[in-house]
Amino acid sequence: MSPDFSRRDFVKSAAALAAAPAILNAQGSNNKVAIGWIGTGSRGDYLMQRMYAANNGANKDVAQVVAVCDAYTGNLARAKDRVLTLGGNAPKTYADYKELLADKSIDVVFIATPEHLHYPMFMAAIAAGKNIYVEKPLAHTIEQGFEMVAAAQKAGKVVQVGTQNRSNSLYIRAKEMVAQGMIGDVHYVRAFWYRNSLEDNPAWRYKIPADATPANTDWQRFLEGAPEHDFDLQRFYQWRLYWDYSGGISTDLLVHQTDITNFVCGKTVPMSCMASGGIYRWVNHDDRDVADTLSAIYDYQDRFHINYSCYFGNDHFGYGEQFMGNEGTIEVLNRQSLNFYPEKFGGKPPAQVAARKELSLNLPGNDNKAVEAHITNFLDAVRGKGHVIAPPSVGQQAAISGHMATLSFKAGKKIVWDEVASEYRFV
Ligand SMILES: NC(=O)c1ccc[n+]([C@@H]2O[C@H](COP(=O)([O-])OP(=O)(O)OC[C@H]3O[C@@H](n4cnc5c(N)ncnc54)[C@H](O)[C@@H]3O)[C@@H](O)[C@H]2O)c1
């Protein structure tokens, strides 16, 4: 980890980065923010659609995708079409993100590539003077994340991490309710993410394009920063299943939930984590590394606890966080509904709780709106209007929790975070 970047700097940087003024390199000849898009796979394509859909298409008036880059030519061609159809202009196409970054007319890059590529792409983008929207998790390791936070801080660039729940109206409401004391003191959060799929559709074995070959799938570019390995379509298109490119459930899913718990309850990095699980569901004919079953128990300072569980063999309970205060519960489920229950004792709420009425909000499709708001918040900040809601320092705080779970799971030991040294150790 970067020895010159202390824990104190890390905490201070949240405020410093969020307040950084926007400095645009170029802002195109048409006075729009010029965007380069790196990674146009499943998430990159979705993000781009949301960017164009946001505010009834208003982002089109302030920003333009001028370049797209991908290591699979099929996704690159789709991205070009997407920009043509939704943006009305023909972007340049790149196989090499470094060539895209060399284009000085580009102000901003979106990075939506596999986890292990965030670090080299982010560092190169900062060195090239770009503002960045980077997907979660911030990085593949804790050490890389610290370097990225420091680099962004030094460069004074606007960076948004793709933890879009912070821009979700229901979590914003939950945060306000906790601050108002609606559930009293909060010491305990239950968080979970359950999924299921049929036998012929194993978890995270996403469909490999029928035309994929070494000629249109750039294996060497995909491998940047990862251990050497022979060409492998599964590893390229199903990278989440391999430790070389992914931290598994912890960094793919759990980081959203530690992040939003930090946001709602005002927390940062846990003191300790104990994780356990394994490959229990998807064992047949499958060379996956990462667990499909994971539980993680976190303890934070000031008597705060997260009980997390994830399983890919039953989705009955779905996805959610339950903020369990001494005087009530707020749960946010599937990113689209919020329920509030005042606490009762012997069937009755105590006097100070009695005036708080149960509440249920249901907003189907609210995650789409959250992503749109998250992107708009980023583009506003880049244009000097307000601050990003998920700067790299908070992305790193969420990522540290995720990495702690992966490290604890792999070691079979409890892991402890040293706040002062910004280091972990096993106990
Ligand atoms: N915020 C969220 O809710 C959310 C949801 C899904 C995914 N994500 C994140 O988005 C990122 C991408 O995930 P995904 O599901 O889209 O994966 P994906 O495999 O569908 O897409 C990754 C894309 O990156 C491309 N790529 C690989 N190497 C490259 C290189 N060297 N240069 C340029 N392009 C390269 C691939 O060809 C592919 O098109 C991950 O970090 C993931 O965690 C975030």
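Predicted model: local features only at pLDDT ≥ 70, side-chain atom pairs only at ≥ 80, totals over all residues.
Residue numbers start from 1 along each chain as its sequence is written.

The chain is divided into domain 1 (7-165 + 370-391) and domain 2 (167-363 + 401-426), with bounds taken from an automatic or database domain assignment. A distance of 24 Å separates the C-alpha centres of domain 1 and domain 2. Their contact involves 28 residues from domain 1 and 30 residues from domain 2, two residues being in contact if their C-beta atoms, placed from the backbone, lie within 7 Å. On the side of domain 1 that touches domain 2, two or more residues are given by each of α1 (7-18), α4 (73-87), α6, α7 (142-155) and α12 (366-382). Helices (H or I, at least four residues) and strands (E, at least two) are DSSP runs, numbered from the N terminus. Helix α6 supplies the largest share of this side, five residues. By class, the side of domain 1 that touches domain 2 comprises 14 nonpolar, 10 polar and four charged residues; Ala, Val, Leu, Ile, Met, Phe, Trp, Tyr, Cys and Pro count as nonpolar, Asp, Glu, Lys and Arg as charged, and the others, Gly among them, as polar.

Six strands form an open sheet in the order β3-β2-β1-β4-β5-β6, with parallel pairing. Because β3 (92-94) and β6 (159-161) stand at the edges, each with a single partner strand, one side of each is left without a neighbour in the sheet. From one strand to the next, the twist averages 20°, where axes are lines fitted to C-alpha atoms, for helices over the stretch in contact, and angles run from 0 to 180 degrees between N-to-C directions. Within the sheet, β1 (residues 33-38) and β2 (residues 63-69) pair in the parallel sense over six bridges; pairing requires that DSSP finds at least two bridges between two strands. Residue I35 stands opposite V65 in β2.

An antiparallel pairing over four bridges links β15 (residues 415-418) and β16 (residues 423-426). D418 stands opposite E423 in β16. These strands, β15 and β16, form a hairpin with four residues between them, and S422 in the turn has a positive phi of about 55°.

V283 is found in the loop between β8 (272-278) and β9 (293-300). V283 has 11 other C-beta atoms within 10 Å and is therefore exposed; a residue is buried if 20 or more other C-beta atoms, placed from the backbone, lie within 10 Å of its own, exposed if 12 or fewer, and partly exposed in between. Although 81 residues apart in sequence, V283 and P202 are 9.6 Å apart in space, C-alpha to C-alpha. P227, in the loop between α9 and α10 (233-237), is exposed, with 9 other C-beta atoms within 10 Å.
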